[in-house]
Amino acid sequence: MSKPIRFNAFEMNCVAHQSPGLWRHPRDRSRAYNRLDYWLDLARILERGLFDGLFLADVLGVYDVYGGNGAAALQHATQIPVNDPLLLVPAMAAVTRHLGFGVTVNLSYEPPYGFARRMSTLDHLTEGRIGWNIVTGYLDSAARGAGKDRQTAHDDRYAIAEDYMAAVYKLWEGSWADDAVVADAEAGVFTVPERVRKVQHDGPHFRIDALHLSEPSPQRTPVLYQAGTSPAGLGFAARHAECVFISGPSRKVIASRVAAIRQAAARIGRDPASILIFTLLTVIVAPSDEEARAKLADYRRYADHEGALTLMSGWTGVDFSQLDPDAIVEHVENEAGRSALENITRADPDRRWTVREVAEHVAIGGIGPLVVGSPARVADELEAWVDETGIDGFNLAFAVRPETFRDVADLLVPELQRRGRYKTAYAEGALRQKLFGGSARLSESHTAADYRQLWQALETA
Ligand SMILES: Cc1cc2nc3c(=O)[nH]c(=O)nc-3n(C[C@H](O)[C@H](O)[C@H](O)COP(=O)(O)O)c2cc1C
């Protein structure tokens, strides 16, 4: 049977996420990003469409590479103002039962101890529906906000992330035994002290000598998402990620990324098919092809090319304001993310991009492709993407919010269901169980399971 297609919604607690300028569209609700009613409506739409998750991106800094300052980002609201993603989750969890929440937290600027507790809290409050998109950042402005001169070098960020992961795994997996909390009112014992262990971590970057503060949550470790595809990023994904987000403009580029991720996992003995891979894509769907094309033409009237280049400059570390609009974009090495520039310079030798083409492409849905048409046409395209690249699903960006997601839920999902390519009900259980079946906890073969021995050893002592 053909592989089912999975959807995540790609969102951010800001005005212009991947479609700069579209906040000006009369039907767009981006201005309400700082109001709960927008997020509650969105969560209900996504659950109606049986989306696996709402993926909330986040950046801590300002996109100030374009023009050398933050003026363009502020003017066009390109991911600034930006609010904290985690605080949206409990309210959305309260109006849904199944939708997962993949929240982005940058580990470069926050010690593991408090962060691990925040995620445990969210896993409790969502009854096991939380995921973490592990990022290390790409903006020097974030580093300056956190008291450093510039961000740590690209590969060193991944090395620090390794130590961070060991520390949070110990907190989530190794501090509290499953039966530590007995809540025995008669005996006056809430927690059996002997069943809770201090985490002792003495790594190259982080030290902990403390108990985890939260009792075990349904998943303990949140579902782990990651999004880097440089050689260092691939190694990290292979060791840690349960789901990987990728982006690229064409099937050719994506197919090679998927193969690289699965090979990296196989090399360290993980089942390559056990990693779910989602690629960024934007769907403009309407009852007929003609109406969908008209919708896109209407959206394009609001697209903001300077905003798009502001985003692209931040992702790549290259100041696009200095380049001739008709110049071909060339590859350079720097300390920002690597994959964004690869996408348009080296990933496909047959396709070179001018600055103008980049601006036009990125202005609606970011670097991912746009798929436009009737439900049947879009479903054909999406099936071809999955079948030809080996991805498991899509991280869907919006053009107009929440209209893009409503169209997907109401028009595209029924078409995919008719074809047997999309679920007709959620699986029960925690987010990890909905995605992978099995247990709510990380599998025994995952590297985090090593840290369970801390209290397992204790129980048998
Ligand atoms: C779909 C997608 C979403 C991402 N979301 C975020 C994000 O929300 N915050 C962030 O700091 N980085 C985000 N990134 C950037 C990655 O974490 C990573 O820095 C980038 O892909 C470059 O990694 P690499 O140099 O290893 O390829 C995202 C990347 C992709 C492909």
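**Ligand site and local backbone features**

Leucine 50 is placed in the loop between helix 1 (36–48) and strand 2; helices (H or I, at least four residues) and strands (E, at least two) are DSSP runs, numbered from the N terminus. The model is predicted: local features need pLDDT of at least 70, side-chain atom pairs count only at pLDDT 80 or more, and totals for chains, interfaces and linings use all residues. Residues are numbered from 1 along each chain as its sequence is written, and side-chain values use heavy atoms, with hydrogens and water left out.

Although leucine 50 is not a glycine, its phi is positive, about 55°. Leucine 50 is buried, with a relative accessible area of 9% (buried means under 20%, exposed over 50%, and partly exposed in between, with a 1.4 Å probe and protein chains only). Alanine 77, also not a glycine, has a positive phi of about 55°. Alanine 77 is found in the loop between helix 2 and helix 3 and is buried at a relative accessible area of 9%.

Cis peptide bonds were found at two prolines. One joins isoleucine 80 and proline 81, with omega about 0°; proline 81 lies in the loop between helix 2 (71–76) and helix 3 (89–94). The other runs from arginine 401 to proline 402, with omega near -5°, and proline 402 lies in the loop between strand 13 (393–397) and helix 14 (403–418).

The ligand is surrounded by 23 residues, the closest being Asp58, His154, Tyr158, Ser230 and Ser339; a residue is counted as near if one of its heavy atoms lies within 4 Å. By class, this shell has nine nonpolar, twelve polar and two charged residues. Here Ala, Val, Leu, Ile, Met, Phe, Trp, Tyr, Cys and Pro count as nonpolar, Asp, Glu, Lys and Arg as charged, and the others, Gly among them, as polar. An oxygen atom of the ligand is 2.5 Å from an N or O atom in the side chain of tyrosine 158. A backbone N or O atom of aspartate 58 lies 2.7 Å from a ligand nitrogen atom, and one of alanine 227 lies 2.8 Å from a ligand oxygen atom. Two or more shell residues come from each of strand 2 (53–57), strand 4 (130–135), helix 6 (154–174) and strand 10 (243–246).

Histidine 240 belongs to helix 7 (residues 231–240) and is buried, with a relative accessible area of 3%. The side chains of histidine 240 and glutamate 162 are joined by a polar contact of 3.0 Å (a pair of N or O atoms within 3.5 Å; within protein, one must be able to donate a hydrogen and the other to accept it, and residues adjacent in sequence count only if both atoms are side-chain atoms).
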